[in-house]
Amino acid sequence: MRPKIAILTRTALLLALALLFQSIRLLIPIPPFLSTFLIGSLMNSCFLIAADMVGAGPAIVLVSLVPIVAYFQQVLPLPIFIIPVALGNAIFIGIFLIGKNQKYWMKILAAAAGKSIFMYVAFSWLLTFIAIPAKIAAGLLFIMSWPQFITGIMGGILAGMIKRRLTLL
């Protein structure tokens, strides 16, 4: 019973931390371009720490709940966008966990590349069916392209630093 409580507690703490990080844009006026990199990196570090510390199942719950909150915070303009964001984040942690015997930096590069490619392709495809203003569509496509790769790498670096500190405790 104790390991299940530990996993549940860690998952809840990581979810609370992820939601706090996601809410930074509501608390501190940061330009959208910078908030994408700051918040995205923090979120990706939470996802990787969750995958490492509590496993794939609880991490999938985490990456599924975060885009729902993003929609309610009006970061995602339509609820249909929750699905590709959750899937992209799941791909990110999935690729990271699959490469468990690889070097850490290789896992991070592969996971970040997989996530950014999926997000760009998924949003490009979705936007062919959904009529939204051109400026919003262009902004979404931009955010779901190479910035996802950068935030994945930065989140991986941050998660690695945090994980080293956590193992010392």
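This is a predicted model: local features need pLDDT of at least 70, side-chain atom pairs count only at pLDDT 80 or more; totals for chains, interfaces and linings use all residues.
Helix α1 passes helix α4 in a right-handed crossing.

**The α1 and α4 pair**

Helix α1 covers residues 2–22 and helix α4 covers residues 56–72. Their axes come within 10 Å and cross at roughly 30°. Angles under 35 degrees count as roughly parallel, and α1 and α4 are therefore roughly parallel to each other. On the α1 side, the contact is made by Ile7, Thr11, Leu14, Leu15, Ala18, Leu19 and Gln22. Pro58, Leu62, Leu65, Val66, Val69 and Ala70 contribute from α4. What kinds of residues make up this contact of α1 with α4? They divide into 11 nonpolar and 2 polar, with no charged residues.

**The whole chain**

Stepping back, the chain has 8 helices and 0 strands, so its pattern along the sequence reads α-α-α-α-α-α-α-α. The C-alpha trace spans about 50 × 35 × 30 Å along its principal axes. A compact globule of 169 residues would have a radius of gyration near 15 Å, and the 16 Å of this chain agrees with that.

**Spans listed in UniProt**

An unreviewed UniProt entry lists residues 12–34, 46–72, 78–98, 110–132 and 138–162 under "transmembrane region". Here is how two of these spans look in the model:

| Span | Helix | Strand | Distance between end C-alpha atoms |
|---|---|---|---|
| Residues 46–72 | 96% helix | 0% strand | 20 Å |
| Residues 138–162 | 92% helix | 0% strand | 34 Å |

Methods. Residues are numbered from 1 along each chain as its sequence is written. Side-chain values use heavy atoms; hydrogens and water are left out. UniProt positions are given in the numbering used here, feature names are shortened, and annotations may be inferred rather than shown by experiment. Helices (H or I, at least four residues) and strands (E, at least two) are DSSP runs, numbered from the N terminus. Axes are lines fitted to C-alpha atoms, for helices over the stretch in contact, and angles run from 0 to 180 degrees between N-to-C directions. Angles under 35 degrees count as roughly parallel, over 145 as roughly antiparallel, 65 to 115 as roughly perpendicular and the rest as oblique. A crossing is left-handed if the near helix is turned anticlockwise from the far one by less than a right angle, and right-handed if clockwise. Contact means heavy atoms within 4.5 Å. Ala, Val, Leu, Ile, Met, Phe, Trp, Tyr, Cys and Pro count as nonpolar, Asp, Glu, Lys and Arg as charged, and the others, Gly among them, as polar. The radius of gyration is taken over C-alpha atoms; the globule rule is 2.2 Å times the number of residues to the power 0.38.
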